[in-house]
Amino acid sequence: MLKLIAVTNQKGGVGKTTTAVNLASLLAKSGKKTLLIDLDPQGNASTSYGLDKTLPGTYQALISPKGAKQLVQSLGSLDILSSNSDLAGFEVELVNYQAREYYLKNLVKELDYDLVIVDSPPSLGLLTINALSAATDILIPVQAEFFALEGLSQLLDTVGYVKKGLNQSLSLLGVVLTMYDSRLSLSQQVKIELETNLRGKLFKTVIPRNVRLAEAPSFAKPIVEYDRFSKGARLYKKLAKEVKERLYG
Ligand SMILES: Nc1ncnc2c1ncn2[C@@H]1O[C@H](COP(=O)(O)OP(=O)(O)O)[C@@H](O)[C@H]1O
Ligand SMILES: [Mg+2]
């Protein structure tokens, strides 16, 4: 059965793209046929792999799903639908269309994957709603800062609405703390708060602030290829393991 993980948070700069890209690379190596969909008009996930952003990708695939297979690019074990600013038009163009929430779901039906990972844009607009309507699971990266908690409860409310109205099978895979600095007492406080409120839903793995993670995209590589001995690589591997356990038991 297809598993589709939406990596989502309406806040920008919390580690969505870094998490989506690195998890996709790692999970693709574990034998599941894996596709990464860049659903952000900024196209950061596509840039992280050094892809040519002038090529058609996610936007064209959403508009004509029958031809989507030809738009998928191969990165070895991982496939990707790349994105660029064309995708910004999607929300505006489809506002008056029926079933506009289900374009991504319809697209994925035309493709043949075991696992799809979606890198969402930083908003709760139509693209993110498409991601949540198509998803079996949502994974939420959260930065350890005070406002993160407010943003998270807003997002969890949205997940609740989507579950009721658009996608009953959506479930919260988990929340992962990113860019964690254990020297800061605020980081520790936020972690404790999340542990209390989310109980089992907070991933045990915490992603530390690690400069190698920030450097990797400029070398067009996921962290495990850029510097596999870095702290970032080690912790994303650990997170991938935890994600696999939660997905497949
Ligand atoms: N754990 C980390 N340590 C250091 N820098 C990080 C880490 N995770 C992400 N970054 C950097 O922080 C910025 C925002 O991360 P990104 O994954 O693009 O967030 P989002 O997709 O939520 O906007 C990027 O420049 C990224 O390279
Ligand atoms: Mg991003």
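Welcome! By class, 14 nonpolar, 11 polar and 4 charged residues make up the lining of the largest pocket. Here Ala, Val, Leu, Ile, Met, Phe, Trp, Tyr, Cys and Pro count as nonpolar, Asp, Glu, Lys and Arg as charged, and the others, Gly among them, as polar. This is a predicted model, where local features need pLDDT of at least 70, side-chain atom pairs count only at pLDDT 80 or more, and totals for chains, interfaces and linings use all residues. Residues are numbered from 1 along each chain as its sequence is written, chains are lettered from A and ligands numbered from 1 in the order in which they are written, and side-chain values use heavy atoms, leaving out hydrogens and water.

**First stop**

The largest pocket has a volume of about 470 Å³. Select Gly15, Lys16, Thr17, Thr18 and Met179: of the 29 lining residues, these are the closest to its centre. A pocket is an open set of points on a 1 Å grid over the protein atoms alone, where a 1.4 Å probe fits, with protein on both sides within 12 Å along at least five of seven lines; lining residues have an atom within 4 Å of a point. The volume is the space filled by probe spheres set on the points, which are joined across faces, edges and corners.

Which helix gives the largest share of this lining? Select α1 (16–28): α1 supplies 5 residues, the largest share. Helices are DSSP runs (H or I, at least four residues), as are strands (E, at least two), numbered from the N terminus.

**Second stop**

Now select Leu2, Lys105, Ala134, Ala135 and Thr136, which lie nearest the centre of the second largest pocket. Its volume is about 240 Å³. Finish at α5 (103–109), the source of the largest share of this lining, 3 residues.
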